[in-house]
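Here is a short briefing for a first look at a structure. Start with the sequence and the model below.

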Amino acid sequence: PRLRQACAEDETTATLFDIALRLEGLYRHAGIHAAGVVISHKPLWETVPVCRGANEELVTQYDKNDVEAAGLVKFDFLGLKTLTVIDTAVRLINDERRRKGEPLFDIAAIPMNDAAVFKLISSGDTTGVFQLESEGFQRLLQRLKPDQFEDIVAAVALYRPGPLGAKMDQLYINRKHGREAVSYPHPSLAGVLEETYGTIVYQEQVMKIAQVMAGYTLGGADLLRRAMGKKKKKEMDKQETLFVEGSAERGIDRAKAKEVFELMAYFAGYGFNKSHSAAYGLITYQTAYLKAHHSVAFMAALMSCDRDNTDKVVRFIQEARNIDVHVLPPSVNESGLDFAVVGDKILFGLGAIKGVGSSAIEVVLAARDEGAPFRSLYDFCERVDLKRVNKRVVEAMIKAGAFDDIGPNGPQTGILALASARADMMGALDPAMNRGNKAQADQASGQSSLFGMFAAAAPVAPQDFYPECEPWLDRDLLRYEKGSIGFYVTGHPLDRYEQEVELYTTKNTASLKLLSNREEVSIAGVVTSIRERTTRKGDGRMAYVQIEDRHGQVEAICFSNAYEEAEEVLKSDVPLLFKGTIAIEGDEKLVHKIRLSSATRLVDARKEKIGKVLIELNADGLDRKKMTDLAAVLSQFPGTCTTELSLRVVTPEASGRTHIVLPETYNVDPTDDMLIAVERLFGDRVVRLY
């Protein structure tokens, strides 16, 4: 509706839309096959027209079929990134084993009958496992429940549109699990089809059937396979005669031979190359083995190989958390370019910080390797080449937490302390860069300070200066962190609501799977993505909303009326309370989604539900000034909630708590700002809401 209105009201928009309609359906560009390589016995341009690709490579202007007709030999060379993932994981495993003096790991020597691998594959928890990340393939393997490598090879061949459409997968699975009797087209074919329970799955089986039943040579059988695959009637009629006659010479009834030929022709259209299936199946098995037995190294390898793809890195980090693998934030003194393994944890790589290119990281690592670890932000700016590591790069590293270990007051714990330290470092960035640029300019010109000549006897270092800055709020720290590395490391936006969220919700994302279809649900979370769609009738907009909490993610479907009401809130980038009903999708693998009816800011839900604010303090750490400061904070946020103090008192004889209900003049509005102000006085999470 908005597009039609724009065309009606604006002539330029109408003209643009008219041109777009004329262009629609034309070739957009000259594409290059992902793996196709052609080989000629003479210069390529003497056989086919050519052009230059984006990287100046020669590209044929004919497609894959026409280049063959023109006489060129065509190959597919698949550059599988998964091979790099496996290689990286093996290197990480062996780096750790070398440090411990243990025997090195050899991926080629793993057992091919590992029960943990088949259990993992059958579970469907296969994020990162080669080929098994699509829901369709996961569902197939959950039904198949493979218990031998040959089942994985068969699954690769079966999971394609043709075999699935012909329900060959169902036939294979039913026969494997004894729900249907195994039978063979002819007794002589038992040895050929035994491994696939009497079904013709592979092209090699078609060739072997022709050899066993009709006496074909393997060369002739390959011609038969190709004829069946291309379904050329003239060639098929010729091959059928040869097959029937050859079978008859071996005492096989002609009618039966014709029946087998027709069966072969049917399945050959869907048959897959077994050698290809086996190669892919092996990579699937190897990645599943790594995930089952070396999950930390495997997840680190996945993240390293996709470090430039933030969406994938975030998905892998979520998967790591799901399998109890903790991811540490990046460190300017510990991290390399890629993700690394530190014990049973993964250390974030500097290369995955947005805006920090490999060139800048090379400079950082070189400066670090040449001397001692960086002592401070100022030391960093003096030692790295600031022509290649500019202010924007250092800002991104500060926001990612890469300088937390060398902050103005040393390493910090607690999100508010980290937020304050990062704010101070951001405030000191300009003076640190200025000092670094001056030091490097002096060094380049051969000059030194007045004290430089005496440096060997009495080194003098200027004092690092950190101006007093307004501390970041915890939500600022998390927002910057996610903006620079794509996910939350130090905490989660829901952490502030952890103690109260049970008052508002019935479930979390992990427990949704226990609910029934159309059951009502309310969960707390943050929106990670929104995909808008026009409704089927074309009269409005709906949205698919990805919701994340501390336990995982769930997709919510928001239809037009609900989306119109909730759109502003959904795009507000704050923790929300979502209400709706469960919508269960899928057959074998059930996927629980939420049909969203409303979304409310958690701070607004708090105003409705909370009636008491409890501040827990240690009595021995209190003095008149702190209590005066607390009174001032409470007075800044007047409201209707009762305020109580819980004082922990310790004496030589005993310890306990004393509760004090403050007068109504100290009733408060429990906003995030009020909670943060109290926490800045007494520490993180001293406030409880009831």
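**A hairpin and its neighbours**

A hairpin of two residues joins strand S9 to strand S10. Strands here are DSSP runs (E, at least two residues) and helices are DSSP runs (H or I, at least four), numbered from the N terminus. This is a predicted model, where local features need pLDDT of at least 70, side-chain atom pairs count only at pLDDT 80 or more, and totals for chains, interfaces and linings use all residues. Residues are numbered from 1 along each chain as its sequence is written, and side-chain values use heavy atoms, with hydrogens and water left out.

**Strand pairing**
- S9 (residues 541-549) and S10 run antiparallel, joined by seven bridges; two strands pair if DSSP finds at least two bridges between them.
- Asp549 stands opposite Gly552 in S10.
- S10 also pairs with strand S12 (residues 591-601), in the parallel sense, over two bridges.
- Ile557 has Arg595 in S12 as its bridge partner.

**Cover**
- S10 (residues 552-558) is mostly covered, with six of its seven residues buried.
- Buried means under 20% relative accessible area, exposed over 50%, and partly exposed in between (1.4 Å probe, protein chains only).

**Cysteines**
- The structure holds zero disulfides; a disulfide is a pair of cysteine sulfur atoms within 2.5 Å.
- Cys51 is partly exposed because its relative accessibility is 27%.
- Cys305 is partly exposed too, at a relative accessible area of 22%.
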